[in-house]
Every structure is written in structure tokens, then in C-alpha cells.
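Student: I would like to work through a model with you. Can we take it step by step?

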Amino acid sequence: MTDDLVFSDEQEAEQTHGHTAKPWQVLVVDDEPAVHEVTKLVMSDFEMDGRRLEFTHCYSAAEARTLLGQRNDIALILLDVVMESEHAGLDLAKYIREDLGNLNVRIVLRTGQPGQAPEEQVIRDYDINDYKEKTDLTRRKLITVFYAGLRAYRDLMRLENARRGLVRSIEAISEVGDSHSLRSFASAVLSQLNHLLDLQGEGLCASRLSAYTANAGHGKLKVLAATDAFSELMLEDEVENLPEVVRTAILQSLGEKVSRHGERYYAGYFRTKAGSESLIYMEFPEPITNQARELLELFSRNVASTYDSLLLREETQNTQRDTIATLSGAIERRGTESARHIERVGELAALLARASGCSDAEIEMIRVASTLHDVGKAGIPDQILGKPGPLSAEEWAVMRTHPTLGHTLLSRSSSRLHAMGAQIAQEHHERWDGSGYPAGLKGNEISLVGRIAALADVLDSLVSASPYKPAWDLHQALDYVFHEQGKHFDPELVQRLQDQVEAVKALYQQP
């Protein structure tokens with residue numbers, strides 16, 4: 001069979017509602033044309049589980065080898081022993097099992113010369129499923145052979161497809177579990193549902209499948225992600241904007257708090273421990289089986305726990321970011337820098353992190369942590385921090401303690417974000433040539449995040465006005481940074497900044 005999710009044939013026949021079920025594929029391999037004709041005639045009205053027979057004919061073992069190398073949907077093979085050689089059929093049986101690795105197809109050996117292949121020896125030495133003499137194959141016995149062979153094949157395929165479904169479920173749930181945001185979570189759910197049902201393998205395009213992932217947040221059901229067929233439904237569009245048939249199915253499922261399905265759609269409902277409600281809506285181009293629905297339900301239930309954790313994590317991260325932004329902004333306002341300084345330092349740091357090959361999660365952490373670079377200024381007296389003129393040597397010595405103060409403050413937290421913020425606070429005034437402070441670190445002794453924050457901080461400080469100087473032109477500030485590579489700044493980071501000049505200009509053109 002193909003790699004489709006094929007389950008109970010009785011279920012499939014029941015669900016086709018008038019549609020023709022796929023026939024059982026039977027291969028007859030015999031060098032006598034009359035054998036082919038008689039077999040086809042005798043079995044012309046055979047049917048099992050609502051499925052008829054479809055015969056394929058090969059008149060030599062060599063022809064059958066070619067065919068079987070191209071197809072894996074044959075359920076039953078009626079195989080002659082003596083064809084182009086005395087053991088051509090036996091050699092073909094060995095080729096099917098050992099070379100092709102096809103252990104599912106049922107092989108019934110038929111011979112008109114039993115002396116050429118003694119039954120006991122053949123059964124012992126070859127992986128065949130039945131052995132019959134052609135003279136013994138009456139219509140009644142042939143029907144028995146077909147029922148036995150096809151039922152055995154059907155049961156093997158049930159086990160095989162259950163195994164595939166389990167593997168796909170585990171892979172799909174693992175992939176969704178690696179999501180870092182609600183947007184990536186929703187996209188992963190849709191992608192992995194296709195993988196779970198092997199729809200992509202059939203080459204199903206977006207026009208044949210429509211799918212939504214929706215989240216009930218803040219009392220309103222909103223679309224988080226949609227397949228290409230509904231790409232006009234952008235992130236967080238209201239559910240009222242969905243097509244009527246889709247909206248009705250989703251609202252019914254939400255109202256009844258249960259998953260619903262029709263012949264060609266599935267609306268999976270799940271409620272998390274935190275009380276959030278989500279639905280996965282999928283449409284199919286053809287009726288879906290009961291076991292496919294069971295896989296969808298299993299997947300949805302496992303996704304719910306991931307979704308719950310993700311909501312909590314995202315809410316915590318958002319609260320953490322807001323708190324950091326408020327704290328950093330308050331500290332900056334105590335000083336002399338622009339209120340937008342910390343925001344732009346974060347954006348510049350993220351830009352450099354992306355250019356350095358960091359992952360999306362690392363980029364976001366660096367963006368937020370970099371805004372904490374001057375948190376140690378909370379411990380600097382107002383008369384020094386807000387002094388309009390140059391600092392004295394004594395005042396400058398106090399000001400130079402803010403990296404260590406920031407590190408001490410942030411190190412009290414065990415969170416990864418604060419740990420990175422502590423490192424940035426400690427190192428953002430270190431210099432590539434070792435002439436910086438507070439530790440005089442040199443080159444790669446300074447962490448990557450420290451080197452990134454140092455470059456971002458200096459660039460934006462130059463572009464921002466202060467009591468000590470007017471704002472520099474961006475081109476002038478960039479020229480200074482490029483000139484300082486290998487001295488103040490990591491030369492590789494400066495090169496990456498040069499490569500991203502247009503993105504930097506776009507950042508400073510924002511209102």
C-alpha cells in the first residue's frame with residue numbers, strides 16, 4: 001500500500017457514502033496466459049470489506065521484478081514457480097523479501113510441477129504465506145486463499161499505519177513543543193498536523209486543504225495562524241471574519257466545549273488547566289477515517305499542555321520586559337541621555353546579534369538584556385549623574401563604578417535574562433584593546449553580548465544629544481565606529497555593522 005493513513009477497511013467502506021472504495025491490488029505472475037484469464041474470471045465478483053479486486057499481470061519473474069521495484073501497493077501475489085527458469089518464482093519471492101524488504105505483501109505460491117519445488121522445503125526455506133498446486137485451486141479454494149491473504153495483509157497494514165501514526169504524533173508534538181512564541185506555536189501546529197496525516201506527502205496544495213488555529217484570549221476568539229488558502233486572514237483577525245461554514249463549526253465546538261467533526265472537517269477543541277480555550281479547524285478534500293480523527297484528538301490533547309505552558313511563559317516574559325523597560329527608563333531619566341536611548345540600544349544589539357548568527361530566542365534575549373546596560377546608574381548620586389558639566393576626577397571615579405553596581409544588582413536574580421543583563425552591565429565599557437573598565441578585559445575575554453552592547457551603546461550615545469555635546473550625524477557616528485575597530489570595538493562586529501548600514505539608517509528614521 002501507499003504511505004497513506006489506511007485503517008479499518010470496514011470503517012472506510014462505511015464512510016465513503018457512495019464513493020468507490022480503493023480496490024485490493026492483486027498481482028498474478030505466471031507464464032501461462034490462460035492462468036491469468038481463469039483467475040480473473042473466477043474472482044470477478046469477489047469483494048471484501050466493500051473493496052473489489054484489481055488485477056495486474058506479469059508473465060515472467062523479470063517483469064514482476066521491474067513492477068515491484070516501482071510499486072508498493074500490492075496486497076497479494078499469486079506466484080508461479082517455473083517460468084523462465086525452474087526456480088524463477090522462488091528467486092522472485094526471495095528478492096521481494098530480502099532485496100525489496102517488502103514483508104507486508106502476501107505471497108501464495110502456485111505450481112503445476114510440485115516435484116520441482118517440494119512443499120515442505122519451500123515453506124521452510126522461503127518466506128511465503130501459502131503453497132498451492134494449480135490443479136487443487138477450485139473456485140471455492142481460491143476464494144479461501146484470497147480471504148486469508150487479504151485479511152492478513154489488511155491486519156499487517158493496520159499495525160504498520162498505527163506505528164506510523166504514533167511516530168508522526170511523537171514527532172509532531174515534539175516540534176510544537178519547541179515553539180518559542182504563540183505565533184510560532186500556531187504555525188507549528190498547522191505544519192505538524194499536515195505531517196501527522198501525511199497530507200503533504202500526497203502533494204495536497206493549499207487549495208485542497210484549509211486550516212485554522214484559533215485562540216480564545218481576552219474573551220474574544222482570534223485567528224493566530226492560517227494556511228495559505230486563507231492568507232488574507234492576518235494574525236489576530238477576529239473569528240467573525242472567517243467564512244460562514246468555518247465560523248459556525250468553530251463557534252459550535254466552542255459553545256459545546258467538545259471537538260466536532262463532519263465527513264470532511266475536524267474542529268478540535270481543547271481547554272488548558274489555565275482556562276484558555278483553543279480550537280484547531282481543518283477541512284479535508286475527502287472523507288477522513290475514524291482513526292485519523294483519533295490521531296487528531298490525541299495530538300490536540302498533547303498540544304494543550306504545551307499551549308498552556310507557552311501562554312504562561314509568554315505572559316511572564318511580557319511582564320518581565322515591561323518591568324525592565326520601566327526600570328531602565330526611570331534610570332535613564334535620572335541621567336542626561338535621551339529617553340529612547342535604551343530602546344535603540346536594544347534594537348541595535350538585536351540587529352548585531354542576528355548578523356552574528358544568533359537564534360531567534362537568543363536575539364530576543366539580547367535585545368531585552370542590552371537595555372539593562374546602565375542599570376547600575378541607580379546607585380550613582382544625583383549630583384553626579386545629573387551634573388551638566390564635565391565630571392571631576394573624583395566624580396568620574398564614582399561614575400565608573402556603575403558597571404559593577406549593575407552587575408551586583410542583576411546577579412541577585414536567577415533568571416537567564418537577568419544573568420545576561422548582569423554580564424552586559426559589567427562589560428559594556430570594556431574595550432577590545434584592553435583599555436576599558438572596570439576589569440580591563442581584552443579581545444575575546446569580553447563576552448559576545450558585552451561586545452555587542454558596547455558597540456550599540458556608543459553608537460547611539462554619539463547620535464543622541466547630551467549636555468556635553470550636540471548630537472552627531474549618523475554618518476559621522478558610523479565613521480567613528482568604523483575607525484575604532486580593533487581598538488574600542490570587535491573588528492568582526494564592526495564589519496557586521498557595516499553590512500547592516502541600511503537597517504541602521506532605517507532604525508534612526510523611525511519617529
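This is a predicted model: local features need pLDDT of at least 70, side-chain atom pairs count only at pLDDT 80 or more; totals for chains, interfaces and linings use all residues.

Student: How many disulfides does the structure hold?

Tutor: A disulfide is a covalent bond between the sulfur atoms of two cysteines. The cut-off used here is a pair of cysteine sulfur atoms within 2.5 Å. The number of disulfides in the structure is 0.

Student: Is Cys 358 buried or exposed?

Tutor: Its relative accessible area is 16%. Buried means under 20%. Because 16% falls under that cut-off, Cys 358 is buried.

Student: And Cys 58, what is its relative accessible area?

Tutor: Cys 58 is also on the buried side of the cut-off. The value is 2%.

Student: How many residues of its lining are charged?

Tutor: The lining includes Trp 432, Ile 446, Ala 454 and Phe 489. Those count as nonpolar, and His 488, also in the lining, counts as polar. Glu 430, Arg 431, Arg 451 and Asp 490 line the cavity too. The charged residues number 4.

Student: Which backbone nitrogen does the side chain of Glu 395 reach?

Tutor: Glu 395 sits in helix 13, residues 393-399. The residue is buried, at 18% relative accessible area. It touches Ile 384, Lys 387 and Pro 390, leaving aside residues up to four places away in sequence. At 2.8 Å, its side chain reaches the backbone nitrogen of Ser 392.

Key
Residues are numbered from 1 along each chain as its sequence is written. Side-chain values use heavy atoms; hydrogens and water are left out. Buried means under 20% relative accessible area, exposed over 50%, partly exposed in between (1.4 Å probe, protein chains only). On a 1 Å grid over the protein atoms alone, a cavity is a set of points where a 1.4 Å probe fits but cannot get out, and a pocket is an open set with protein on both sides within 12 Å along at least five of seven lines; lining residues have an atom within 4 Å of a point. Helices (H or I, at least four residues) and strands (E, at least two) are DSSP runs, numbered from the N terminus. A polar contact is a pair of N or O atoms within 3.5 Å; within protein, one must be able to donate a hydrogen and the other to accept it, and residues adjacent in sequence count only if both atoms are side-chain atoms. Contact means heavy atoms within 4.5 Å.
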